[in-house]
Amino acid sequence: LVARGYMEFDPASREYCPSVRVSFLGDWALRVPGHREAIQDALRRLSDATGETVLLGRQSGMFMQYLSVIESQFALRLTLAPGTLRPMHRSAIGIMLLSRLDDDHVGRLLRRYNAEFGDTGVPAKIAQTLRAVDTARRQGYYESESLSTPGSGVIAALLATPLRGQTLGIGVGGPIARLHQRRAQLRAAVLEAARSC
């Protein structure tokens, strides 16, 4: 269950608890009557407004995991499955999630990733990733180009949740040319969706 993202293990307390991903099984845990809209509502609204693939992700150790994916209405689109893991430094949502951490913590996480997965995956370029993280902090959003999928990009922002103070990343993805053409509209839509939850 931990590997699939449905449970989280806290090594300090040695306890397991359900992850944010469990809430999407019934969409009940993030809905508070009389308050802001639920995350799934915001994802659907963002999908309707942009027509692009909408992504929701969380940090899972050294990786970013997609919790929810709503596919684009366009024939040419970014396609991912919920549960997919990406190295934090290889996704726009991962860069946004790293932007919450100080540079020392980011550096340690990336060095650990390189030590464990650098031979089998794409090694993290620490200085380059730290520059991307700094850009994400300053802008409040991050836009990737061909970071994980050649020819595709994602515009991402952070989203706070009421579950144990966890922060998620929300984004829209698609072909780079289409994202560039609609950059201002898509960026505004992502930031508004993040604020609305």
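Two rings of Phe, Tyr or Trp (for Trp, its six-membered ring) count as an aromatic pair if their centres lie within 6.5 Å, and the pair is called stacked when the planes are under 30 degrees apart, edge-to-face when they are over 60, and tilted for the rest. By this rule there are four aromatic pairs in the structure. The structure is a predicted model, in which local features need pLDDT of at least 70 and side-chain atom pairs count only at pLDDT 80 or more, while totals for chains, interfaces and linings use all residues. Residues are numbered from 1 along each chain as its sequence is written, and side-chain values use heavy atoms, with hydrogens and water left out.

**View 1. The tilted pair of Phe-9 and Tyr-16.** The two ring centres are 4.7 Å apart, and the planes make an angle of 45 degrees.

**View 2. The edge-to-face pair of Phe-63 and Phe-117.** Their centres lie 5.2 Å apart with the planes at 75 degrees. Because Phe-63 belongs to strand β4 (residues 63-70) and Phe-117 to helix α4 (residues 103-117), the pair ties together parts that are 54 residues apart in sequence. Helices (H or I, at least four residues) and strands (E, at least two) are DSSP runs, numbered from the N terminus. Phe-63 is buried, at 18%, whereas Phe-117 is partly exposed, at 26%.

**View 3. An aromatic cluster.** Phe-63, Tyr-113 and Phe-117 together form one aromatic cluster.

How values were computed
Buried < 20%, exposed > 50% of the residue type's maximum accessible area, 1.4 Å probe, protein only.
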